[in-house]
Amino acid sequence: MKNAVAAVFCLVWLFPVYWMVNTALKPRPEVMTPTPHFWPHEPTLNNFTAAVTQPQFLTDLRNSVVVVAATVLASIVLGIFAAAALSRFRFRGRRAIMVVILAVQMLPATAMLIPLFTMFNSLDLLGTYLALILAYVATVLPFSIWVMRGFFVAIPAEVEEAAQIDGAGTWRILVSVLFPLVAPGVIATGIFAFIAAWNDYLIAYTFMQDESRYTLPVWLASFTNPHTGTDFGAQMAASVLFSVPVIVFFLLIQRNLVAGMSAGAVKG
């Protein structure tokens with residue numbers, strides 16, 4: 001019974017993905033027919049050609065790669081240092097900081113949109129890569145810190161003590177001893193930061209005022225023409241191309257992602 005229910009849920013979840021691929025392979029007359037076809041009668045790749053030949057495709061792809069790479073790198077580096085400090089050192093206000101991090105993690109990204117917009121506007125950063133990267137890091141960093149802190153807490157103190165006896169300093173212990181042990185957490189937070197930055201539309205559309213600085217999620221909204229309407233076939237083909245990197249990365253590291261999310265719940 002449980003397997004049957006799970007199978008039903010999987011089919012319901014997979015149907016939109018199937019319909020996206022199905023529409024991407026249909027010519028425009030089949031897409032616009034009033035009677036839906038559950039498979040393309042005349043499959044075509046013209047929609048994919050139309051998607052990648054859009055004027056802004058390469059520019060927006062470059063923007064997404066730059067922003068996502070910087071977001072992932074900043075989230076991992078800052079997350080490692082913050083998690084190491086919160087888990088391996090004792091100082092006044094440590095628990096208060098952890099409570100604040102947990103509270104911020106529970107906030108939706110849209111709740112920070114207006115404050116961030118106001119702050120970046122006052123700093124004259126709107127329309128720059130830096131504003132977008134900082135906004136994504138602010139969204140992702142609480143999760144990164146909490147997850148990697150769970151990995152640091154799970155490492156026995158004897159490991160550090162043994163390294164100290166061998167003459168290793170704080171930096172050497174962090175880089176050579178602790179970092180390899182928290183590598184699954186780094187992978188988990190990296191993929192989370194990648195997905196969050198790669199998929200975002202609202203922040204990118206709000207902060208980037210110049211079309212030359214738009215990212216791929218904003219590009220997906222460019223298939224609407226006031227005269228011919230929305231080119232649904234090309235838009236679905238673009239959505240398929242846009243989804244491929246996320247699916248590939250997730251399949252490669254799904255075990256580490258689950259382990260990382262579980263480790264974030266370690267109490268310490």
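Modeller: Before we start: UniProt positions are given in the numbering used here, feature names are shortened, and annotations may be inferred rather than shown by experiment. Residues are numbered from 1 along each chain as its sequence is written, and side-chain values use heavy atoms, with hydrogens and water left out. This is a predicted model, where local features need pLDDT of at least 70, side-chain atom pairs count only at pLDDT 80 or more, and totals for chains, interfaces and linings use all residues.

Biologist: Which residues does UniProt list for "transmembrane region"?

Modeller: The unreviewed entry lists 65–84, 96–117, 129–152, 173–198 and 232–253.

Biologist: Switching topic. Where is threonine 23, and is threonine 23 buried or exposed?

Modeller: Threonine 23 is in helix H1, residues 2–24. Its relative accessible area is 8%, so it counts as buried. Buried means under 20%, exposed over 50%, and partly exposed in between, using a 1.4 Å probe and protein chains only.

Biologist: What does threonine 23 touch?

Modeller: Leaving out residues up to four places away in sequence, threonine 23 touches Val31, Asn47, Phe232, Gly233 and Met236. A contact means heavy atoms within 4.5 Å.

Biologist: How many aromatic pairs are in the whole structure?

Modeller: A search finds 11. One of them is phenylalanine 117 with phenylalanine 207, a tilted pair at 6.1 Å centre to centre and 45° between the planes. The two sit 90 residues apart, phenylalanine 117 in helix H6 (residues 113–122) and phenylalanine 207 in helix H11 (residues 202–207). Rings of Phe, Tyr and Trp (its six-membered ring) pair if their centres lie within 6.5 Å; planes under 30 degrees apart count as stacked, over 60 as edge-to-face and the rest as tilted.

Biologist: Is phenylalanine 207 buried or exposed?

Modeller: Phenylalanine 207 is buried, at 0% relative accessible area, whereas phenylalanine 117 is partly exposed at 28%.

Biologist: Why is the pair of tyrosine 201 and tyrosine 205 stacked?

Modeller: Because their ring centres are 5.5 Å apart and their planes are at 10°. Tyrosine 201 is partly exposed at 35%, as is tyrosine 205 at 44%.

Biologist: Which ring does the charged end of arginine 213 sit over?

Modeller: The ring of tyrosine 129, 4.6 Å from its centre. That needs NZ of Lys or CZ of Arg within 6 Å of the ring centre and within 35 degrees of the ring normal.

Definitions and conventions. Helix = DSSP H or I, 4+ residues; strand = E, 2+ residues; numbered from the N terminus.
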